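Please look over the structure below. The briefing that follows is grouped by topic.

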Amino acid sequence: MRVGPVGFRIGSDWHAPIAALDALYRDYPRPEFADYSFRLEAVSPWRRRVRPSVRVAGDYWLPDASPLPLAQGLLAAEMGMNLQVALGHRRHLLLHAAVVARGDRAILMSGVSGAGKSTLALMLSHRGWRFLGDEFAMIDPDTGLAHPFPRPVSLKNESLSLIPEGCRTGPLLTGTPKGDVRHVAPPAAAIAAMDEPARPALVIFPRFGFPSALSGLAPTETFMRLTQASTNYVAMGEAGFQALTRLRAQVPAVALDYPDGEAGVAAVEALWEAL
Amino acid sequence: MAGPRYRAAAAALLIVEPLDMFTAVFHRPSGVTHLLNEPAPQILEALADEPLDRDALLARLAQNFDLGEADGTAVLQARLTELETAGLVDRV
Amino acid sequence: MDDTPSEPGPASGFAPEAQADAPASSVTSRRMLMLGAVGASTVIAVRPALAQTTASVLNCQIPVPGPGDAGKYIDRNGNVVNPGPLGPLGALFGGPYPPPSRPFTGEEVRNALYNGMSLPGTTYYSNDAYLKYIKKLSGGQSGYTCFLSIQNPRT
Amino acid sequence: MSAVRTLVALLRDPRRARAVDPAHWTEVLAVARAETLAGTLAYRLEGLALPGEVVGALAEARIDAAEARRTALWEANRVALALRPLGHPVILLKGTAFVAAGLAAGQGRAIGDCDILLPRPLLDHAEKLLVDAGWEWMKSDPYDDLYYRQWMHELPPLVHGERGRMVDVHHTILPLTARPTPDAQALIGDAEVLDGGLAVLCHTDMIVHAAAHLLADGELAGGLRNLWDIHALIQERGMEGLETRAAHHGLSFAVDRALRLTHALYGTTVPARWQRLTMIDRLYRCRMMAREGWARERHKALRMMFYIRSHLIRMPLPMLIRHLWIKWRKGKAATGSG
């Protein structure tokens with residue numbers, strides 16, 4: 001299947017994870033060519049049936065990764081996709097960030113897992129914003145544009161109650177290493193527009209669960225935060241440096257603390273109005 | 001004599017992006033990005049045109065900047081070692 | 001303050017194109033130049049953000065000790081040692097501590113290192129010993145990639 | 001046609017690329033990555049009119065290869081700087097040597113550790129210099145350490161504390177336990193000096209080393225890549241004097257087999273006597289091409305055979321048994337605790 005500029009070929013020792021993927025990714029194209037291949041495999045032959053346990057094996061993989069139970073096969077597949085892109089993708093500078101856009105101008109919200117970027121992006125996408133992705137911002141080193149990579153949003157634990165009505169969701173996965181997880185397919189319009197890039201206009205480093213606060217960032221701090229948010233900055237070499245310094249120099253960046261989703265959405269929209 | 005003479009990596013090997021009090025430098029031969037703080041960028045600038053030994057470098061810096069009262073020899077040596085380890089200066 | 005924080009300009013650096021006119025302006029101002037201290041560092045390499053190499057880092061494992069040292073114990077300083085004369089009972093008497101029953105996950109180690117939680121199944125002392133072991137991991141050792149990946153400066 | 005066959009065919013003749021359909025490209029790419037030949041393939045196919053997605057994926061492989069080259073050259077530069085007090089050029093081996101000497105074999109090549117060759121009497125000093133310059137030992141196990149020092153042709157691997165790159169310091173090109181004993185003095189004496197305190201083996205020694213590496217020192221994992229090195233070296237600079245040199249190092253059997261295989265797989269230009277495969281050669285070819293379209297390895301029994309063989313080559317049988325016994329006990333202890 002293809003998401004934005006990246007095609008995946010996913011194989012499995014079992015039928016269930018593939019069926020779950022097929023359902024969740026119903027609206028995505030199924031090209032013949034895939035950039036990356038990976039498989040969800042049993043840790044050993046007998047673990048196909050007895051307490052089946054899934055590991056990711058493919059073009060790129062981590063030796064230290066620990067296996068997941070088969071019931072969490074969908075999560076393993078999502079991780080597999082992240083892994084291929086994080087370790088293999090070189091055509092764009094990757095930033096760990098959620099991206100939403102109005103028209104052809106985009107906001108990058110960069111933060112670690114738990115910073116609330118997925119939730120913010122999902123909420124914004126139901127308020128008229130175009131959803132470009134909640135995992136990686138893909139910055140084209142030649143143009144500086146952000147390319148959509150709109151995978152399903154993975155919501156965790158307390159965010160689960162925020163899933164809007166009428167969304168296509170994956171099964172509720174309980175007891176995963178990240179707690180309870182459910183994947184929510186992005187709006188169909190976001191998938192339909194996944195080949196249309198947008199120009200970054202604002203970079204936000206959000207932090208969820210703190211009293212509302214907004215602060216500007218010194219150039220060095222923005223620069224460092226962006227390098228730390230990038231999974232392939234070093235591997236991209238000079239192109240990575242150029243893309244990142246351009247983004248730093250041309251796009252304003254702020255750190256935003258917010259106590260809850262509503263406040264976060266309001267703050268992001270206020271920042272946008274003030275641009 | 002103040003030991004070996006040092007020179008900065010050729011300008012063509014560096015991409016320099018001044019940020020604020022720090023300067024980001026991409027070093028092409030290694031592919032490493034360095035964040036430089038004062039006085040590293042100034043040392044590189046002083047060593048860009050001709051190689052200098054440590055004492056000559058100190059004199060050059062004192063021409064352009066107010067270095068304060070203390071004897072800077074040992075500290076300057078530490079800076080040069082640091083820059084040499086990073087590959088941003090080398091000995092002639 | 002003679003620094004202009006945001007806009008890169010010829011005054012602040014040694015950008016090649018600035019060389020023609022920069023020295024003149026710096027001579028006139030003769031600004032103060034701090035050479036720093038001997039032990040301090042003014043050149044910092046930007047490292048790969050291993051924390052971000054994958055969204056599944058928290059799912060990686062750190063075996064204590066590594067597979068090459070299976071059956072060995074960990075002393076209070078985090079070194080890999082042979083079991084003490086008391087065997088597993090050493091855990092009650094200041095070590096060495098028997099290895100944990102399973103590898104720790106990245107998330108457990110991160111919580112222990114940065115959030116003040118104990119590693120599962122440990123006492124105050126064995127927790128400390130295991131963490132010391134983990135902090136000493138170096139390249140090539142099992143779990144090192146995982147350990148690196150949780151070194152995230154951001155909170 | 002299986003993906004691995006297509007990969008070999010494309011390396012041999014890039015013009016066949018236009019006949020490959022998109023789904024098969026996916027497999028070919030997966031296999032090329034698994035065989036660390038993606039960069040090489042990408043350079044071979046550069047400029048051909050191919051489907052846009054495939055061009056993109058190949059461009060990606062070239063970016064990776066360019067970074068690998070940069071990193072390898074810089075590491076060699078740092079090693080040479082650290083070892084400057086030795087007063088002896090640092091002889092680069094394998095991938096780093098190919099890129100440092102600007103050879104076609106280095107085009108797109110994946111490069112791992114920095115392998116270097118030094119005269120044996122300098123090894124202790126070299127180790128000290130490297131450790132002073134920030135390299136650290138990574139083997140903590142005393143048995144492994146002793147094994148390296150006593151029997152292998154290298155120091156225990158050293159990793160640079162900051163850059164995380166590994167340097168392997170060799171004093172010859174095969175373990176001392178192996179039966180052929182190449183003439184290390186000749187390897188070092190005839191090396192070609194480059195700038196910056198570096199050197200590379202002379203052309204024929206490079207081929208001999210690549211053949212030894214392919215056949216005598218490994219279990220043939222990554223065999224296609226190692227064989228490609230030989231092909232590229234010969235296509236670029238011929239094989240004059242190779243036979244004599246191989247005989248001098250006692251490695252004629254390895255070089256002969258490598259020549260037969262590289263001709264059979266990649267169509268290397270070799271004289272007629274190397275243009276026919278023996279029965280055993282065919283097993284080798286089968287082992288090298290044992291990968292399916294998901295890049296998983298096939299032919300378990302055959303692979304196991306080559307694994308055992310690889311150890312037999314490296315050390316005499318009694319020693320091998322001792323070695324495997326110690327390794328097995330350690331492995332068992334590890335699974336027992338896990």
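Two residues are in contact if their C-beta atoms, placed from the backbone, lie within 7 Å. Helices (H or I, at least four residues) and strands (E, at least two) are DSSP runs, numbered from the N terminus. This is a predicted model, in which local features need pLDDT of at least 70, side-chain atom pairs count only at pLDDT 80 or more, and totals for chains, interfaces and linings use all residues. Residues are numbered from 1 along each chain as its sequence is written, while chains are lettered from A and ligands numbered from 1 in the order in which they are written.

**Helix α2 of chain B**

- The buried residues of α2(B) are B:R54, B:L57, B:L58 and B:L61. They sit on the same side of α2(B), because they cover an arc of only 100° around the axis. The arc is that of the directions from the helix axis to the C-beta atoms.
- Here a residue is buried if 20 or more other C-beta atoms lie within 10 Å of its own, exposed if 12 or fewer, and partly exposed in between, with C-beta atoms placed from the backbone.
- An α-helix has 3.6 residues a turn, so residues three or four places apart point the same way.
- What covers these buried residues of α2(B)? The cover includes α1, β5 (52-53) and α3 of chain B.

- An open sheet of 4 strands runs in the order β2(B)-β3(B)-β4(B)-β1(C), with antiparallel pairing. Its edge strands are β2 (14-18) of chain B and β1 (43-46) of chain C, each pairing on one side only. On average, neighbouring strands of this sheet are turned by 25° against each other, direction ignored.
- Two strands pair if DSSP finds at least two bridges between them.
- Within chain B, β3 (residues 22-27) and β4 (residues 32-37) are antiparallel and joined by 6 bridges. B:H27 stands opposite B:V32 in β4(B).
- B:H34 has C:A45 in β1(C) as its bridge partner.

**The contact between chains B and C**

- Chain B gives 37 residues to the contact and chain C gives 27 residues.
- On the side of chain B that touches chain C, β2, β4, α1 (40-46), α2 (54-64) and α3 (73-86) of chain B each give two or more residues. The largest share of that side, 8 residues, comes from α3(B).
- By class, that side of chain B has 22 nonpolar, 8 polar and 7 charged residues. Ala, Val, Leu, Ile, Met, Phe, Trp, Tyr, Cys and Pro count as nonpolar, Asp, Glu, Lys and Arg as charged, and the others, Gly among them, as polar.

**The sheet of chain D**

- In chain D, 7 strands form an open sheet in the order β3-β4-β5-β2-β1-β7-β6, and the pairing is mixed. The edge strands are β3 (135-137) and β6 (192-193) of chain D, each pairing on one side only.
- β6(D) is joined by 2 bridges to β7 (residues 198-200) of chain D, and the two run antiparallel. D:E192 has D:V200 in β7(D) as its bridge partner.
- Helix α4 (residues 52-82) of chain D lies across β1 (90-92), β2 (114-117), β5 (166-170) and β7 of chain D, at about 40° to β2(D). Helix α6 (residues 123-132) of chain D packs on the sheet and touches β3, β4 (158-160) and β5 of chain D, its direction making about 165° with that of β5(D).
- For these angles, axes are lines fitted to C-alpha atoms, for helices over the stretch in contact, and angles run from 0 to 180 degrees between N-to-C directions.

**Backbone points to check**

- Most residues other than glycine have a negative phi, and most peptide bonds are trans.
- The peptide bond from B:E38 to B:P39 is cis, with omega near 10°. B:P39 is in the loop between β4 and α1 of chain B.
- C:V64 and C:P65 are also joined by a cis peptide bond, with omega about -10°. C:P65 lies in the loop between β2 (61-62) and β3 (73-74) of chain C.
- D:T36 is not glycine, yet its phi is positive, near 45°. D:T36 counts as partly exposed because it has 19 C-beta neighbours inside 10 Å.
- D:K94, in helix α5 (residues 94-100) of chain D, has a positive phi near 50°. D:K94 has 27 C-beta neighbours inside 10 Å, so it counts as buried.
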